[in-house]
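Visitor: I'd like to learn how to read strands and pockets in a model like this one. Could you walk me through it?

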Amino acid sequence: MKAALNLLSVKKLFRFIQMRPIGELSIDMNGSIASFAGVIKANNKNAIRQAANLLESGKVIALPTDTVYGLACSANDPKAIQRLYAIKGREERKPVAICVAEFADLRHWGQADHLPDELLEQLLPGPVTIVVRKSAYLDNPFLNPGVEKIGIRIPDFDFIRDVSRAFRYPVALTSANKSSEQSTLNVREFEKLWPALGAVFDGGQLGLREERRAASTVIDLSNAGQYRVIRKGVAVEHTVQVVEQFGFEQA
């Protein structure tokens, strides 16, 4: 009888494995089968809502951007931010950026009244992270603690912007790789992180050139009339040209 029950359990487990999509199963530290929401195609009709729901529930997800794959969570959720740092293996003193969908969101979560729309329109959406001072609405004490500034992105990639719109709050964003490792251009490159994530949203291969891994250009525009390039990234020449056209000088 016991042997028959064990055999039945094995058959049920086998059927369970057969029914799960490829990439949806992982093995935990004890060798047991664990599950997460899976590897979901970004062009799936339900993907945007699924991603927003996971963010709302405090999960960390992986998703494509206009540069590299990113790890994302709710920027105003203390536990989610702590989970993001743990997955990334990142020191808390190293800041992460946020992603928003529109210029109005950038001005709501950051202090950017000194930046004209015409300047922003020449940089965003695009592979540029603009650093400004946090607004009072961005009040998560675990988001870049002790740092008064925040990097804000509006990626030129429909999926992540649509997720941001559906979520309605800022999304903390960092590259989908362990700290000190290279950034990733396809989901298989960060497969070892999957078990810790709520889901992986697969946008395919993001580029073939290694230069793409340089990620976004990060520029500090927190002081009126001054700029400072923090990371050159993939768009530094264009970014510097634009801000200098608007009278910003290198700090």
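Guide: Buried means under 20% relative accessible area, exposed over 50%, and partly exposed in between, with a 1.4 Å probe and protein chains only. This is a predicted model, where local features need pLDDT of at least 70, side-chain atom pairs count only at pLDDT 80 or more, and totals for chains, interfaces and linings use all residues. Residues are numbered from 1 along each chain as its sequence is written, and side-chain values use heavy atoms, leaving out hydrogens and water.

Visitor: Which residues of strand β11 point one way, and which the other way?

Guide: In β11 (residues 199-202), Ala199 and Phe201 go one way, Val200 and Asp202 the other, and all are buried.

Visitor: How do I read its pairing?

Guide: Two strands pair if DSSP finds at least two bridges between them. Here β3 (residues 39-41) pairs with β11 in the parallel sense over three bridges, and Ile40 has Phe201 as its bridge partner. Strand β4 (residues 61-64) also runs parallel to β11, joined by two bridges; Ile61 partners Ala199.

Visitor: Which strand gives the most to the lining of the largest pocket?

Guide: That's β9, with four residues. Other strands that each supply at least two include β5 (69-74) and β13 (226-231). By class, the lining residues divide into 13 nonpolar (Ala, Val, Leu, Ile, Met, Phe, Trp, Tyr, Cys and Pro), 14 polar (the others, Gly among them) and 11 charged (Asp, Glu, Lys and Arg).
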